[in-house]
Every structure is written in structure tokens, then in C-alpha cells.
Amino acid sequence: MMNAVCDTSSPVQDLLERYVDCLDEDRLEEWPELFLENGLYKILSRENEAMGLPAPLVYYYSRGMMEDRVTALRDALTYEFVYSRHLITNTRISARDDIIEASSNFVIFHTCEEGRSKTYAVGRYRDVIVETDDGPKFKKRTVILDTFAVQNLIAAPL
Amino acid sequence: MGIEMTSNFWPAEDSSRIPYAVFTDPELYARESKRLFAGPHWNYLCLDAEIRDPGQYVVSYIGERQVVVQRTEDGDVVAFLNSCAHRGAQLVRRMRGTATSHTCAYHQWCFSDRGDLLGVPQQRGVKGQGGMPKDFDKSKHGLRRIRVESYKGLVFGTFSDETPPLYDYLGPKIRPEIDRIFDRPVKVLGYYRQVIPANWKLYLENVKDPYHAGLLHLFHVTFGIYRPTMSGRVTMDESKGHSVLRTADIDEEQADVNSTYAGIDKYRTDYSLRDPSLFDVKPDYDDKVTNMIMTIFPNLMLGQVANTFQTRHVRPKGLNEFELYWTYLGFEDDDAEATEGKLRQSNFVGPAGYISLEDGEAGRLVQSGVNRREPDNCSTVQMGGRGAIEDQDTLATEVAVRGFWKCYSEAMGLARAQEQA
Ligand code: FES
Ligand SMILES: [Fe+2]
């Protein structure tokens, strides 16, 4: 019987996967904890990015703002209930001095309460990650959203 | 399908009861394409600021028809249908760019930046055979041109020769509100696209409805961007199809807020933000206007929410879907701090914004609800009263929604209850 599983993932890979797990398993409260106190979370449409236009879809520049989003999602905002599932591929991680840069492609599927799934969003994450006493954290996560004709709305973080 | 359009369509003459067929009937949708989007109305196309340089063009929409809006080499703004004069192919293939002529991919017909046909390959045939008829007259085979006029940098187009001048179409009650924003040169900070699973007119109802704004949107209410207890006014033009909903943070008494929201959990004194810096942005004007939502018939909304300014073009994509195309604006003379403030407050609006995401959900809910109804079942639009459709100094009203339906009914040539008698 196996009672120990060898964990082959790096701490950075683990951060990327915890991000997905907390969103897909409805543990939104854990999402801000993956960022530095003054961390940046930004969603940019690929169209704006390509044109060099700055207007973001979401622009949070503190963990407090991310916590505010979570509180709003829990008690304030009106939006459709969905289950989400993220798939992450093509992850690249490179480190220079104390700064780790990572990027990966994502697909997010949404499944409604009646069990129909659809592709909701496609894009790429661009990350700057730093080591802290509490393990690696996002200093910056920029979400480049290919599906910039947003399907109705963006409620939970991508 | 096939509901009677010529008599008995509207059960109430004052547009206080709206049959759900307007959101579900494919015949009405087809009629809109002719009567609204090809009829005598000005349809928003783009901003002057997007096609400032000679040769710049953008592809926009009038209804579902794709239209190229072009700055010519001579500096004029012209527009034409994005369909080749030969056999109809989509002509311009990128959504924006710079070109002083356009060549169709299919058989290389070439058009000037005004849409005139310049060249037809093999017009005189090959080796003395074939070719176009001798009497083929290139000057009669240009692109379908669209009339264009602009006001304060907002560019509109119309297929109809009967559309009155844009200046008059907007009218004396709407123009000053445009002037308030567009008297200073604007710059585009970005675009948002939101594909909402609802009939396009549900969005027009939404932005003409101050009643929902203080009930659906907790953020508006709790953080004082918009409350019906503030000073508010609904203004309409003569046709009642355009409207302005203006809210200013003046004359608000806390006692009125408390009694208005007694028992409604959208005004939350226990709700605060851990990082309220979103609200810490210097106002762009001294007039204390926190919210100004203007609609121009048939399908443009433009306005201000806190420090954000935008046009929202409602682009129908079939009976049950539209794209809300946002052009998010700053002013040319904004300093770095003012621009940063607008980028921060983008968190209020757009498809992910604290306020606007809820309007996407509202659209979905209404379409999904009305799809279950009989086409002659009606909504009740009576907040603010029945009868005459007049400007009101209150936000507890749906009068501008009634105004929209009055104008719609006339534009669509749909008989009103009174006329049946
Ligand atoms: S369809 Fe355009 S050249 Fe033939
Ligand atoms: Fe709203």
C-alpha cells in the first residue's frame, strides 16, 4: 500500500495550480491570499492590448481590492450561478535574481446549474512571482483575454 | 409567430403596457432592420477621434449591417456598406486600419476611399474575348454610400435621404448634455465588448430605467454614485426617443435614504471596502453629477458613471442577442492622475464592472423570462404614472421607457390602441 505520494511539482507550479483550484472549487476567499499585499491583478482584452490601449476589464492593485471583489461576489452582486473549470497549458517559468516570470495559456469552461458546459474564455496569464516567507506569491498577474467579446459578464476572477 | 401588427398591437395608448412580442417575434425583428436601421434615423457609427488621420477607417454597424467609416485623403468622413458592388463579398476585412483605396479579395475590384469604383480587372476581356459589356459604366457601380453627419465628434450614419439634419434630430434638450462632455477633445482609452443573451431593446429599456438603478445595483446605492433620493431628472426630446437621466449628489437627506431603503438590503450601512481608493478620484466637473445616462434613438447610450465616460453602442446580433460595444473615454487634456483615476474606475463599468455586469444579468433574466410568455402578454411600465409622457424631476420613474416605446411604435408603423377606434 502506498501511503506517501511523491510531490514532483515546484512551489511555483503549485501556486499556479492552487490559483485554479480555489476558483474552480469555490474557495474564492483563498484567491487574494495568493497575491502580495500590494499585488496587481489585471484583466486586459487582447484587442486593447494589441492596440496599446490601457483600459482594463478589471484592475485591482491591492489584496484589499481582491478581498472586496470576493465579498461582493458572495453578498452583493447579482450574476448567474455557474461552475467553472480551468485548463492550463504551455506553462513557462523563468527566474532571474529574485523575480520569477511565468506565463501559461488557459481555457475556462462554464457549466450551468442544468449541467450544460460551454467554453467561456480563452487567454493567457502573464505573471510576476516573488518568493516570500510564506512561499511564492503573485506580485502581478495579467490576464490577456482572447475572448474579449465577453459572454455576458465576468463575475468571478478569471 | 405572425402576431397582428396593424391593429390591436399595443393594449395601452400611453405605452404603459408593452407586449412581449417586441422581444420575441422574428417578424418584428426583420421589420426593425428596414424601418429603424434603414429608416429615417441617425445611427451612431464611431468617434471622430478614431479616424483622425487621412485614410483611417473603422468597421461599425447599423443594425446588423456592417459599415465602413472612412476618413478620406481629403479629410472628409464618408461611410459605405461593407459589401462589394460586384457580387457582394465583404470588402474590408480588418476591423480598423488605414487605406486610401479598397480592393475586394474575390475579383480585385478596386474602390476609392469614397466608395467609387476605380478598376475592374479584365474589363475589356482577355485576348479580345470576354470582358464586361461595352456599356458597363463604372460610375454606376460604386459601393452603397451612407449619409454621414457628426456632432461634437460623434459620427452618425443613415441609409435614408429623409433623415433630418443630425443637429435637429438630437434637438435642443439633448445637445447641451452632449456638449457638457464633448466640448473637450476626447481620447479612446479602450474598448469593451459584452455579448448579452437578450434582445437589443432590453438594453435600451435598462438604460432608460432609473428605477432599477437604485434597486439592482448595491454598489450604486451603498457608495452613493446613484440613489433615487439624490437630485434627479429625466429629460426627453420631442420624439421621446432620446432621453437623459441625470443624477446629482445634492439635496439628499439621510432620513429619506433610510425610509426609502427600509427593508431593502441594497443600502448597506455595514458594507465597506477594504480598499476604497476606487472612490478616491477627483471629479471631472464641479456640478456634482455622479451619473448621466443619455440614449439616442435607436441604439446608442452615452454617458458618465462617476469619473467614467463612454459610448455604448447596442449592436443587434439576432433576435436574442446583442453586443454591447463600449468605447471607454478619457479627455485629451487629462493628466496622468486623471487618466489613472479613469482606469481605476473602469472597475465600475464594462462586462466585469461592479455595476454594469449586473445589467448583463438583468438582460439575460428578462429575455429568459419573456421567452416563456405568450407574445400578447404585456409588461407593466407605470412607475412615474400613466398618461402623458413628460419630463420628470424624479428617479422613481419609468417614463423614459414609455418614451422609447412611443417613438419605437411610430418608427415601426405599429398601430396604437387609440387609432383602432
Ligand atoms: S465580389 Fe468583389 S470583386 Fe467580385
Ligand atoms: Fe443598470
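N152(A) is buried, with a relative accessible area of 8%, where buried means under 20% relative accessible area, exposed over 50% and partly exposed in between, computed with a 1.4 Å probe and protein chains only. This is a predicted model, in which local features need pLDDT of at least 70 and side-chain atom pairs count only at pLDDT 80 or more, while totals for chains, interfaces and linings use all residues. Residues are numbered from 1 along each chain as its sequence is written, chains are lettered from A and ligands numbered from 1 in the order in which they are written, and side-chain values use heavy atoms, with hydrogens and water left out.

**Backbone features**

- N152(A) lies in the segment after strand 7 (149–151) of chain A, and its phi is near 65 degrees, a positive value in a residue other than glycine.
- D26(A), which is not a glycine either, has a positive phi of about 55 degrees; D26(A) belongs to the loop between helix 1 (11–24) and strand 1 (35–45) of chain A and, at 48% relative accessibility, counts as partly exposed.
- In chain B, F297(B) and P298(B) are joined by a cis peptide bond with omega of about 0 degrees, and P298(B) is found in the loop between strand 15 (289–296) and strand 16 (300–305).
- As background to these features, most residues other than glycine have a negative phi, and most peptide bonds are trans.

**Chain A as a whole**

- Chain A has 3 helices and 7 strands, these being DSSP runs numbered from the N terminus, with helices (H or I) of at least four residues and strands (E) of at least two.
- Read from the N terminus, the order of elements in chain A is α-β-α-β-α-β-β-β-β-β.
- The radius of gyration of chain A is 16 Å, which agrees with the value near 15 Å that a compact globule of 158 residues would have; the radius is taken over C-alpha atoms, and the globule rule is 2.2 Å times the number of residues to the power 0.38.
- The C-alpha trace of chain A spans about 45 × 40 × 30 Å along its principal axes, and 49% of its 158 residues count as buried.
- Of the contacts in chain A between residues at least 6 apart in sequence, 55% join residues at least 24 apart, a contact being heavy atoms within 4.5 Å.
- Chain A exposes about 8100 Å², of which carbon and sulfur atoms supply 48%; accessible areas come from the Shrake-Rupley method with a 1.4 Å probe, and for residues only the protein chains shown count as cover.
- There are 18 positive and 27 negative side chains in chain A, with the centres of the two sets 6 Å apart; Lys and Arg count as positive and Asp and Glu as negative, without His and the chain ends, and each charge is placed at NZ of Lys, CZ of Arg, CG of Asp or CD of Glu.

**Chain B as a whole**

- The secondary structure of chain B comes to 11 helices and 19 strands.
- Chain B is as compact as a globular protein of its length, because its radius of gyration of 23 Å is close to the 22 Å that the globule rule gives for 421 residues.
- The C-alpha atoms of chain B fill a box of roughly 90 × 60 × 35 Å along the principal axes, and 57% of the 421 residues count as buried.
- Residues 24 or more positions apart account for 66% of the chain B contacts with a separation of 6 or more.

**Domains of chain B**

- The domain assignment, whose bounds come from an automatic or database source, gives domain 1 (43–152) and domain 2 (171–412) in chain B.
- The centres of domain 1 and domain 2 of chain B, taken over C-alpha atoms, are separated by 36 Å, and 14 residues of domain 1 are in contact with 21 residues of domain 2.

**Local sites in chain B**

- Helix 5 (residues 200–207) of chain B is mostly covered, with 8 of its 8 residues buried; among them are W200(B), K201(B), Y203(B) and E205(B).
- V188(B) has its place in strand 12 (residues 186–196) of chain B and counts as buried at 17% relative accessibility.
- Leaving aside neighbours within four places in sequence, V188(B) is in contact with L53(A) as well as with L47(B), E50(B), T327(B), Y328(B) and L329(B).
- V188(B) and V221(B) are 33 residues apart in sequence and, C-alpha to C-alpha, 29 Å apart in space.
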